[in-house]
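Work through the exercises below with the structure open beside you. Try each task before you read its solution.

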Amino acid sequence: MDAAIPEANLQPARWRFGDAELDEFRLEVVRGGRTVAVEPKSLELLRLFVRHPGEVLTKDELMEAVWPGRVLSESVLARAISLLRRAIGDGSQSVIRTVHGYGYRFDVAVERLTPVRSQSPAALPLQPGGQPPLRPNWKLVERLGEGRNETWLVEHGKTRERRVFKFAGDGAGLSTLKREITLQRLLTESLGARSALVPLLDWNLQQAPYFIETEWCPAGSLEAWLGAHPGIGQEIRLELVAQAAEALAAAHTVGVLHKDVKPANLLIVETGGRPAIRLADFGSGALIDDTRLQALSITRLGLTRDIRGGEPSGSLMYLAPEVIAGQPATLRSDVYALGVLLYQLIVGDLRRPLAPGWERDIADPLLREDIAAAAELDPARRLADAGQLAGRLRAIDGRRLQLELDRAEAQRAAHARRQIERWRARRGWVFAASGALALGMALSTGLYLAARQARDQARQAEASASAVNQFLLDDLLAATDPQLSGRPDITVRELLSIAAERVGARFAAQPLAEARVRRTLGSALDGLGEADAAGQQFQAAQVLVEAHAAEQPRLAAQVYLGLASRLRADEQLAPAQEALHEALALARSSRSPELELEARLELAKFGPPASTLETTLSELETLHDEAKSRLAADHPLQLKILRSRATTLCDLGLIEDCERSSAEALALSLRFYPATHPEALISRYVAGSALLLSGRYAEARAKLESLWADARLALGAQHQISLLVAQALGIVMDYQNDDRAALALIEQTLAEQIRVLGPRHTDVQSTRNALASLYSDLGRVAEAAALYRDVYAVQVAKFGAGESYSLIAAQNYGRMLQDLNRWDDALEVQRQLHAAARGALPPDHWLNAVVEYSLARTLGRLGQHDEAERLFATSIARLRRLPDVDPRYLQRALQLQAEWQADRSLPTPPRKMTARA
């Protein structure tokens, strides 16, 4: 058994909370002057709570701390909590508060009545020239570092091979060695021998001084290497931080925290004259999820939960503020250390702290942004993943280019605003009319170009062009003249309404000209969010071109494309597909590669999402190649293809590729359009959504907040694009634990979407899903279940039980029924889901495995153990065959299987547990 760790915060003490005291020397609780009986496990829980007042302690942390190494049901913990509440008089549950679906919080002020004592590490009798224990052919050469443990360079007497030994002389030091062995084994077996870690070669845990043996890196630590290369350029410095971030991100993926990231623990290996980082020294590390340890059958040596106390480990300069304040370390704490390291490498001084005013030392605004994002004082707003920092540093050149584009756009917009202000000052009320006139001129340009193209084909089109121009002059532009209309403030919507009312009379004898005008009016109204009016214009244009499609196939194809877009937005999917097939045939007849590619692009997006995403991506790649060869290099259709490719990559879970593709699409958008044009707004939304999916919540929130403001200003708060952005922003707020803001925004967005789009629209179901997830996180499980039930019913009615979103909705609904202890109802839903998924999905699809272990959990609770055992085995085997699936699914399956096995061994299996599937 590991030696106890004699850290200051673990020493026995007397504590006061409310009207009670805990005396750890006597192991008793006194309340109101009288000693009260406390069950031993409940007492251990109380000892943890008083050390962490106000913190949320997860169920897993509490169970590992009080019942280490045992797999138990949550009912055991719930019983111990109940007994503790009874002992300390917490009948109202106001002291030990339940955080539903997560854990418990000790919500009362705590005072330590016993002073903290310190303890010094044991001294080791090691000297240069001596021999390490059990290694007669090796000698100590040089002490490399000291602290709780001593690190030495050793050399073989004959081969002159060198290694690094880390020695410990007492139980505390031995525990750090054991911890490092466990974490290194986990990392090596999970990430492979070629990962950016210093290999662990051997260890001695039997005879003092204890030690571990690792490879020696001749170039030394990052600090030593930089000292030997003082003139190294910034590009290499940034690359080294990126490598350190990637190594740390890899460790985080298997649940390992380093907790002591600093230059001394970043070693350098030189390959081909270029430095490469190796991450070393996990002696202070921690494990946030031990599922992989169990899966790999690695013995749990030296690991105690941070929840059990202890002073903050690590070097003070690199410790995150929340850790210094006594909070447990997290992934973001390691990211903070990287932020400090990045600052130091840029300024060229590894001893300079990240003090207030550090921004003055960093000339590059993007690097200032990166340091601020990684070293943000508030962990909720800090970068959530070390890999994000690596990606930002690796993309620095492209980001600088984008920054220049943004600046140029800002200058252009500022110039336009100044111009408008000058016009406003000179013209007064004429300014309002000039805005409408500008739109009219834009409309005129599009209509005139269409008319000019027709004129080249036949003399009849000359009359059409003349009629179009006459319509613009007499009907539209005249409406903007205050002297004729009596209105100095006519709006764009009113101008388009006037055009829609007059177009039929003006072109009564010219159906093709009328069709062109109505198609353009439909596009303009659609862009303003006037869905019904836009649909009327497209349908009227369709009627007009049907009789002339053979002679004007290009115009007919344009009309059908516009009609299909409107039908799809209204979720009339079958008519939309019919219109697209008609548009494709007409585009090929007109020999227009632009229209043909656009029709194929829209058809490519119609496949059922879960089962044909790879096919969709393949078609988009083909379209992208064809567009480059058949269209101009800067054709706007390239943007639509690239943006669709980005969203498909996100749907496939290829987040890094999605980020790159969405950034490329955004840069292209800003070449074609102003930042507030609907096309640019959609591209900005896709880019922000990619950041959200990648876990870069602070960046995503900043981008989406700016986008939401622009969308409301340009399109109005009720426009479909504005509402989509609001939904994504609410999800980011939820992920950042900004629950109040998230709840207000998502509920408001849902109400607006229902009013604008109707209760069955896909956007509405997506927002309901987001709101249900938020309700579940807030412990409002019944409300979450009701929302998931509604989403499930609507999706099945619209697309059938086998459609991918219907399957996911059913899975969410079944999980909520489990949380509500409605096991029989859950079984009914999950039986139907199981059958539907097997009929609709490929055999090795990840959702089949999730459905199986969720159903197995319900069957186990209802006593149907044979079928539960079979489904657990099938699910786990399926997940192990799928290397690209999120590893959390396998971890969850193993966890639920272990809980079921533990419950099965009890005399009476509990039926009142709540857990997240």
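**Exercise 1.** Which residues does A680 touch, leaving out residues up to four places away in sequence? Is A680 buried or exposed?

Solution. 
- Step 1: Find A680 in this predicted model. A680 lies in helix 25, which spans residues 678-693.
- Step 2: List the contacts. With residues up to four places away left out, A680 touches S669, L670, Y673, P674 and A675.
- Step 3: Check the accessible area. The relative value for A680 is 0%. The cut-off for buried is under 20%. A680 is therefore buried.
- Step 4: Look further along the chain. L707 is 27 residues away from A680, and their C-alpha atoms are 10.0 Å apart.

**Exercise 2.** In what order do the five strands of the open sheet lie, and which strands stand at its edges?

Solution. 
- Step 1: Find the edges. Strand 4 (34-36) and strand 8 (110-112) each have a single partner strand, so one side of each has no neighbour in the sheet.
- Step 2: Ignoring direction, neighbouring strands are turned by 25° against each other on average.

**Exercise 3.** How many bridges join strand 1 to strand 8, and how many join strand 1 to strand 2? Where do the side chains of strand 1 point?

Solution. 
- Step 1: Take strand 8. Strand 1 (residues 14-17) runs antiparallel to strand 8, and three bridges join them. W15 has R112 of strand 8 as its bridge partner.
- Step 2: Take strand 2 (residues 20-23). Four bridges join strand 2 to strand 1, again in an antiparallel arrangement. F17 has A20 of strand 2 as its bridge partner.
- Step 3: Look at the turn. Two residues sit between the strands of this hairpin, and G18 has a positive phi near 60°.
- Step 4: Recall the rule. In a regular strand, side chains alternate between the two faces of the sheet.
- Step 5: Apply the rule to strand 1. W15 and F17 point to one face and are buried.

**Exercise 4.** How are helix 30 and helix 31 arranged, and what classes of residue make up their contact?

Solution. 
- Step 1: Read the geometry. The axes of helix 30 (residues 781-799) and helix 31 (residues 804-819) come within 8 Å and cross at roughly 155°.
- Step 2: Name the arrangement. Helix 30 and helix 31 are therefore roughly antiparallel. The crossing is left-handed.
- Step 3: Find contact residues. Helix 30 contributes residues including V781, Y788 and F799, and helix 31 contributes residues including Y805, Y813 and M816.
- Step 4: Sort the contact by class. It has 13 nonpolar, three polar and three charged residues.

Key. Residues are numbered from 1 along each chain as its sequence is written. This is a predicted model: local features need pLDDT of at least 70, side-chain atom pairs count only at pLDDT 80 or more; totals for chains, interfaces and linings use all residues. Side-chain values use heavy atoms; hydrogens and water are left out. Buried means under 20% relative accessible area, exposed over 50%, partly exposed in between (1.4 Å probe, protein chains only). Contact means heavy atoms within 4.5 Å. Two strands pair if DSSP finds at least two bridges between them. Axes are lines fitted to C-alpha atoms, for helices over the stretch in contact, and angles run from 0 to 180 degrees between N-to-C directions. Angles under 35 degrees count as roughly parallel, over 145 as roughly antiparallel, 65 to 115 as roughly perpendicular and the rest as oblique. A crossing is left-handed if the near helix is turned anticlockwise from the far one by less than a right angle, and right-handed if clockwise. Ala, Val, Leu, Ile, Met, Phe, Trp, Tyr, Cys and Pro count as nonpolar, Asp, Glu, Lys and Arg as charged, and the others, Gly among them, as polar.
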